[in-house]
Amino acid sequence: MAVDLLLGLQWGDEGKGKIVDVLTNNYNIIARFQGGPNAGHTLVFNGKKHVLHTIPSGIFHDDAINLVGNGVVIDPVIFKDELDKLEAQGIDYRKTLFISRKAHIILPTHCLLDAASEASKGKAKIGSTLKGIGPTYMDKTGRNGLRVGDLELSDWKERYRTLADKHESMIAYYNVDIDYNLEEREQKFFEAIDVLKSLKFIDSEEYVYQAQKEKKTILAEGAQGSLLDIDFGTYPFVTSSNTTAAGACTGLGVAPNQIGEVFGIFKAYTTRVGSGPFPTELFDEDGATMAKVGNEFGATTGRPRRCGWLDLIALKYACQVNGVTQLMMMKGDVLSGFKTLKVCTGYKYKGEVIHHLPYNIEPENVSPIYTEFEGWSEDLTEMSEASQFPKALNDYISFLEKELEIPITIVSVGPDRKQTIFRK
């Protein structure tokens, strides 16, 4: 049985958590394959808002197994906080939440190292969430990391101490003012480790392989977005993992020929959190309206998101890199009320018109070329089927499908799981 894949096609915050929650009824296993607590997956149902950072978005379904894969990095303190909130809501996660032994652990000193590194960059900072993600992946590739499976070894605390001491010497090297109490942080860390050790650790690649042989349905859940991919994103303003389809193979141990459907999620407009180039960013009333109506604040950091028109060039690039087979358009309801909509359908790049994503999209090199569309005024949030869509919205969708050559099978018209419309 092939593994289906769901991922974001922009700079994150596309609405992956909601769609995974909606689709979970179709799957036996939901598996996160990369990233860490820098992700914020927001789910709304029964009048309540839920935010997950590391735990897969299928956790609210009793029958689904939720797997944290080897490509994920785990902060035990944040993980414990997520578990506490689930427990308070009566979610029996112990039977359905599994963790890969090969997943790496974020230490308290990873977060301090992240802060020291960012502070040392001054104006050149990359907009890190300061969750220790980058330093943890650096230790992973540097072959120094502490993994979940190490917690089952008798000497894991000695391994921890060796790595933490190394980090403190590196923090001192940055020579920036980072005020911290490591002893206090470590107390919370070790308490959280005890909770983590009470969960089920598995050899996840073998588990997924056997599940495939047993014809179980699996949905791989990505974090962040394709334009934040360490290789294919807007480097260096990216995350530290592969957020694209290839990351599902390395983050779960799934062979490339075992990937089935690739669901790509995008907003009807574009947003970005933190630093980095953003060709269609708006600094006018339209951008402010998108931010206000769309409640554009980061689920993890609370930082306001930068807003702009849909960038079709970047979206087409993300579809190509990922091999997207189906598209889901989120937040179409936010664009209600705009008399005119714009879509970037080309770039003016160093004096030439191009229609692909170039190596550098900094503002001194790139300016967007727009195609305009008639907007719609209807409130989409109360609609329950595609036949109710206004003509202008249907025209907008049809244009995107024609340009991208991929069907848009889901349109989200609000944050609640019920506000999800399936198109034939």
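Start with Cys 319: its sulfur is 14 Å from the closest cysteine sulfur, in Cys 344, which is too far for a bond. For a disulfide, two cysteine sulfur atoms must be within 2.5 Å. Cys 319 has 6% relative accessibility, so it counts as buried. Here buried means under 20% relative accessible area, exposed means over 50%, and partly exposed is in between, with a 1.4 Å probe and protein chains only.

Before moving on, some housekeeping. This is a predicted model, in which local features need pLDDT of at least 70 and side-chain atom pairs count only at pLDDT 80 or more, while totals for chains, interfaces and linings use all residues. Residues are numbered from 1 along each chain as its sequence is written, and side-chain values use heavy atoms, with hydrogens and water left out.

Next, pick Cys 307. Its sulfur is 16 Å from the closest cysteine sulfur, again in Cys 344, and that is too far for a bond. Cys 307 is buried too, because its relative accessibility is 4%. How many disulfides does the structure hold? The count is 0.

**Into the core**

Now select Leu 9, Phe 266, Leu 327, Met 329, Leu 335, Tyr 396 and Leu 400. These have the most contacts inside the largest nonpolar core, which has 57 residues. A nonpolar core here is a set of buried Ala, Val, Leu, Ile, Met, Phe, Trp, Tyr and Cys residues joined through side-chain atoms within 4.5 Å. Which helix gives the most to this core? Helix H11, residues 391–404, with 7 residues. (Helices are DSSP runs of H or I with at least four residues, strands are runs of E with at least two, and both are numbered from the N terminus.)

Zoom in on Leu 400. Leaving aside neighbours within four places in sequence, Leu 400 is in contact (heavy atoms within 4.5 Å) with Phe 266, Leu 310, Leu 312, Met 329, Glu 405 and Ile 408. Apart from this core lies another, of 31 residues, and you can find it by selecting Leu 43, Leu 107, Tyr 160 and Ile 193, which are among its members.

Glu 405 deserves a click of its own. It lies in the loop between H11 and strand S19 (408–412), and its phi is positive, about 60 degrees, although it is not a glycine. With 71% relative accessibility, Glu 405 counts as exposed.

**A buried glutamate**

Jump to Glu 14, in the loop between S1 and helix H1 (16–23). Is Glu 14 buried or exposed? Buried, with a relative accessible area of 1%. Beyond its neighbours within four places in sequence, Glu 14 is in contact with residues including Leu 9, Phe 266 and Met 330.

**Down helix H2**

Select residues 76–88, helix H2. At 1.5 Å a residue, its 13 residues should span 18 Å, and the end C-alpha atoms are 18 Å apart, which agrees. That expected span is 1.5 Å times one less than the number of residues.

Now colour Pro 76, Ile 78, Phe 79, Glu 82, Leu 83 and Leu 86, the buried residues of H2. Look down the axis: these residues fall within an arc of 165 degrees, so they line one face of the helix. (The arc is that of the directions from the helix axis to the C-beta atoms.) They pack against several elements, including strand S4 (48–52) and helix H6 (182–196).

Just after H2, Gly 90 has a positive phi of about 80 degrees.

**Last stops**

Go to helix H7, residues 204–213, whose buried residues are Ser 204, Val 208, Ala 211 and Gln 212. Down the axis of H7 they fall within an arc of 100 degrees, so they line one face. After H7 comes Lys 215, with a positive phi near 65 degrees.

Finish with Tyr 235 and Pro 236, joined by a cis peptide bond with omega about 5 degrees. Pro 236 sits in the loop between S10 and helix H8 (245–252).
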